[in-house]
Amino acid sequence: MDFYLGLAQVIGIHSLLGLSAWCVLHTGQVSLAQGGFFAIGAYLAGMLTSMFQWPLGYALATGAVSACAVAIAIGFPALRIKGLMLVVATTAFAEIIRLFFFNFKWRVAGPEGLVGPDGSLGFGGIRYFPANGWSSFELNALIWSLVAMVMVLLAWLDRSRVGTMWRAIGEDELAAQCAGINLTAAKVSAFGIGGAIAGLAGGIFAHYATHIEHGNFGILLATFAIAYPILGGLASLWGTIIAVIFVQGFLLEGLRFLGEWRSLLFGVLIIVVMIIRPSGLLKASLGMRGRLNKAAREPEYRRDQAKSGTTDEVHHA
Amino acid sequence: MSIAAKRALFAIAFVASLGVSNSTHAQEKTVKIYGFGAKSGVVGIFGQQSEAAMQAAAAIINKSGGVTLGDGSKARLVIDYLDDRCTAEEGINALRRIASQNDAFVAIGPTCSNVAEPVFGILQKKTGDASDSGIQFPLYTDVAAKGGLASISQWAFRNVPSEANMYKAIFEWIKATKPELKTFWGGVEKDFAHSNATFGVIKAQAGSNGLQVLGQSEWLLNDTNFSTQVREMRRANADVVAISAHPFTTCGVLKEMARQNVRPKLLVGLTSSSSMETLQGCAAQAEGLIIPTSFAPVTDQAKQAAVAVQAINPKYNMDLHNAAAFENVFTLKELIEKNKIMARPDSIQADRVKMRDALAAMKETQGLLGKVGRTDDREAIKPYLFVQAKSGNWVVAHTPKQ
Amino acid sequence: MDLLDLIDLIQALTDGVLFGTTYALIGIGFTLIFGVMHKINLSYAAASIGAAYLSLVLVNLVPAPIVYLGAALAGGVLGWLIYLICFRFIPLENPLATLMSTVGMLLAIEELISHLTLGMPQNYPALFANSNLEFGSFFLRGDLLFIFFLGCAAMFALTMLLKRTKLGLATRAVAQQATAAQLCGMSVSATNGATFVIAGLLGGIAGSMAGAAIGVLSPLMAMPLTVKGLVVTVIGGLGSIPGAIIAGLMVGGAENLFQFLRGVSERDIYVMLLLFVFLTLKPGGLFAAPGGRD
């Protein structure tokens with residue numbers, strides 16, 4: 001039972017990460033920087049609870065807010081670049097963050113010796129949860145209530161004008177600008193909100209793992225972050241959650257019985273899913289949420305192809 | 001297939017896969033020792049060889065009758081090894097999965113130091129602390145060697161060599177046998193926990209044994225270009241060069257040194273690099289590299305153990321890492337028998353506590369090279385010797401007094 | 001800074017620029033595929049390393065130059081396979097889907113290599129490994145010079161292919177306007193497939209050259225080559241081959257220079273900052289492709 005609770009915790013943390021990427025992807029920006037915001041939230045929240053004995057809530061909130069601030073700072077220069085260049089720029093940014101923490105050393109005296117980030121040796125001793133007697137069940141309750149909160153927030157945003165703006169920009173920037181939508185506000189707000197969610201996820205991760213180091217926050221994590229919304233389908237929030245369950249629950253834990261072949265199958269199955277369902281596992285949204293997301297349509301990136309008019313042919317490579 | 005049908009099929013497959021466990025429903029009694037470590041990915045060889053060593057040990061034990069449980073019955077020893085892919089999250093998941101099995105009371109692992117630190121961190125820190133909700137499960141590590149990790153939790157025990165002792169010994173030996181060597185230059189792989197931490201030890205021991213530390217070159221785990229670092233090395237022209245890195249970058253640096261004609265009088269390497277990997281990549285350039293290690297097939301038991309591992313699968317060898325796994329299985333067998341572990345689902349919680357207390361009470365264990373001492377902070381004092389790369393093989397250079 | 005430091009600086013720069021040829025080749029591969037299909041193939045560097053691994057079967061049978069040729073051919077085959085698996089069957093309207101499928105391919109290739117070689121580094125033959133041109137304390141590495149000239153030859157061959165052959169014409173046409181090219185009777189899917197094969201040939205050469213320069217092959221090489229390749233592509237300008245060449249050499253040199261000046265822990269920070277400088281000052285890259293697409 002404890003194992004399933006533990007797995008649920010991992011799924012919850014990754015769901016937050018996926019939702020943060022969903023935010024940014026919704027406006028048509030492919031950002032590999034979510035891993036960087038995750039790292040900021042992780043280190044900051046970890047430092048506040050283990051070095052300065054802050055209560056968890058304040059530490060997580062500070063982590064999220066700081067990540068949001070950095071994300072907004074990144075969002076402005078990111079306005080000038082699109083597409084592949086944005087992918088590379090955000091990758092570069094996430095790498096800079098990781099390398100910063102690779103070099104970052106700040107240790108203070110704790111009850112049992114020095115505690116704090118020690119550069120390339122990592123940052124251990126973030127034992128807030130076990131030391132304060134949190135049970136797996138309580139931890140799950142915390143994580144999933146945060147996930148629910150974020151999903152409600154995003155669903156509400158999606159229904160409101162903000163969501164319409166985001167979707168409009170995601171579908172066609174030029175048309176959206178012509179319709180009077182403030183590109184800057186929309187893109188930067190998406191970046192900022194996505195950054196805050198990622199920072200929150202990072203803070204929880206640091207406390208879940210009790211030890212973090214620069215290697216946890218590499219390009220692979222950022223790739224997972226955007227993989228979840230893409231695999232799940234951008235049309236609905238639930239798609240991201242389903243994708244996280246698929247990757248973490250099925251591909252990584254469920255396929256353990258395959259032994260060595262599990263890792264090989266991981267990449268192969270991702271390819272298979274993308275070929276079978278290119279728009280994501282969930283094309284339309286589930287049940288009730290469907291009404292909330294009614295206005296959401298799959299973004300169609302028909303940039304160069306002239307609209308084919310009456311026939312609905314799909315172009316293959 | 002309709003979307004609903006597809007979804008249903010997927011859901012069934014998913015739930016079924018989560019429920020598939022690895023337990024065997026054999027008729028005879030079995031007792032399980034779990035293991036976990038990196039079985040896939042770049043460092044997958046560590047976990048694979050650990051598993052092979054554990055299975056070799058189990059095969060020997062089962063051949064001579066199996067393990068005697070607390071009620072006097074004999075049980076067959078079964079090894080169940082999980083892959084954690086050298087990532088913290090999967091290591092934690094693997095431990096949680098093991099801890100939730102009702103036939104698990106001890107596990108050997110992990111192999112990566114960057115997994116060991118978080119995994120030890122989620123264990124209960126002090127036994128008997130009711131306010132600590134950490135996992136209460138004893139771990140007996142075979143490979144993860146970064147210094148001082150077992151002190152993180154009283155449920156964590158390790159059977160890894162003490163690099164502080166080994167490098168102290170090797171530099172003392174160098175001082176004694178080669179007093180003409182005066183200067184030292186270090187090379188370190190900065191972004192891997194083990195090599196980085198050990199380098200501190202190497203540098204300190206070199207300095208306190210009379211060598212003048214001229215400086216160090218640094219590189220990263222997946223660097224592809226070492227010309228700048230080797231040039232610094234060349235400029236310094238030190239007598240002794242120590243390389244604290246894993247086989248890929250060790251070979252890259254050694255080849256670059258050959259290219260730039262850097263020939264120090266003595267080359268010292270990292271314990272983990274005293275394996276076949278280094279010789280596979282750069283046997284010619286590694287000629288003369290001396291490494292302190294806690295395993296070499298020099299005693300009868302060691303030779304037999306090496307043969308036993310090859311019998312499991314000819315592509316696996318025995319080296320210092322999985323030798324510890326091999327030793328651990330035998331140690332655990334003794335502890336199971338001495339402490340009358342029942343290994344029944346209803347006794348499993350008590351078994352875990354018994355096992356932990358037994359591991360804590362151990363004063364020494366039997367290793368393949370001799371007796372292994374235990375320290376107060378749950379680490380091992382392993383016998384060691386120095387091996388040297390000669391013509392594509394590791395040969396014993398010196399067996400120091402311990 | 002005394003004379004020896006100055007010589008070391010120039011040496012670091014030179015070695016870096018020469019090694020940068022591999023980055024340039026990978027950058028060309030990325031930019032070629034992007035220019036023609038407007039899609040990123042994130043598995044490109046991994047496939048290049050994979051091609052070098054495949055050429056290992058020839059190592060003790062034939063001399064080194066044939067091994068490199070083998071790597072190039074293996075790269076071409078792999079390129080075509082990647083096109084077939086990751087791109088052919090995914091509709092063009094889902095660029096994110098192809099992004100993900102190439103990520104899946106990258107993970108699969110890395111894992112396959114680790115699986116088959118047990119993760120152990122494999123010795124790779126180098127030409128002119130021990131011959132250096134020495135000028136006092138400064139020397140030009142023979143093998144890096146060979147890599148440089150081989151890279152230049154490959155780039156020259158590519159330019160000739162693009163400018164003088166029908167295939168090159170088709171590639172350029174599809175890159176400019178795919179629908180119009182179709183109207184002229186060119187098969188877009190065949191051209192795309194051919195582009196992947198050409199990029200794969202280049203990638204195979206790049207992978208084998210990287211292996212030769214280091215002396216060993218390891219699956220660890222795939223990620224950094226991917227990242228540096230992408231950085232080179234963006235600095236050079238998406239879709240511009242001369243841009244990728246110059247950017248590749250520049251990144252190679254800058255990387256070594258930063259490492260010499262600031263050490264390895266901060267080196268990559270400065271390389272990324274260099275990228276940001278370019279993105280701020282010249283967002284289109286060194287040579288923005290005509291039509292200024294993203």
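Biologist: How much area is buried between chain A and chain B?
Modeller: About 3,800 Å², with carbon and sulfur atoms giving 53% of that. Buried area here is the accessible area (1.4 Å probe) that two parts lose on being put together, summed over both. Keep in mind that this is a predicted model: local features need pLDDT of at least 70, side-chain atom pairs count only at pLDDT 80 or more, and totals for chains, interfaces and linings use all residues. Residues are numbered from 1 along each chain as its sequence is written, chains are lettered from A and ligands numbered from 1 in the order in which they are written, and side-chain values use heavy atoms, with hydrogens and water left out.

Biologist: Which residues in chain A lose the most area to chain B?
Modeller: Phe3(A), Arg127(A) and Arg256(A), which together make up 16% of what that side buries.

Biologist: And how many residues does the contact take from each chain?
Modeller: 45 from chain A and 47 from chain B, where contact means heavy atoms within 4.5 Å.

Biologist: How many salt bridges does the rule find across that interface?
Modeller: Five. The rule wants a side-chain nitrogen of Lys or Arg within 4 Å of a carboxyl oxygen of Asp or Glu. One of them joins Arg96(B) to Asp2(A), at 3.7 Å from N to O.

Biologist: Which helix gives the largest share of the chain A side?
Modeller: H1(A), with eight residues. Helices are DSSP runs of H or I, at least four residues, and strands are E runs of at least two, numbered from the N terminus.

Biologist: Switching to chain C, how many helices and strands are there?
Modeller: 11 helices and four strands. The radius of gyration of chain C is 19 Å, close to the 19 Å from the globule rule for 294 residues, so chain C is as compact as a globular protein of that length. That radius is taken over C-alpha atoms, and the rule is 2.2 Å times the number of residues to the power 0.38.

Biologist: What about Ile214(C), buried or exposed?
Modeller: Ile214(C) counts as buried because its relative accessibility is 2%. The cut-offs are under 20% relative accessible area for buried, over 50% for exposed, and partly exposed in between (1.4 Å probe, protein chains only). Ile214(C) lies in helix H8 of chain C, residues 188-214.

Biologist: What is Ile214(C) in contact with, leaving aside neighbours within four places in sequence?
Modeller: Its partners include Phe226(B), Phe248(B) and Arg259(B), as well as Met221(C).
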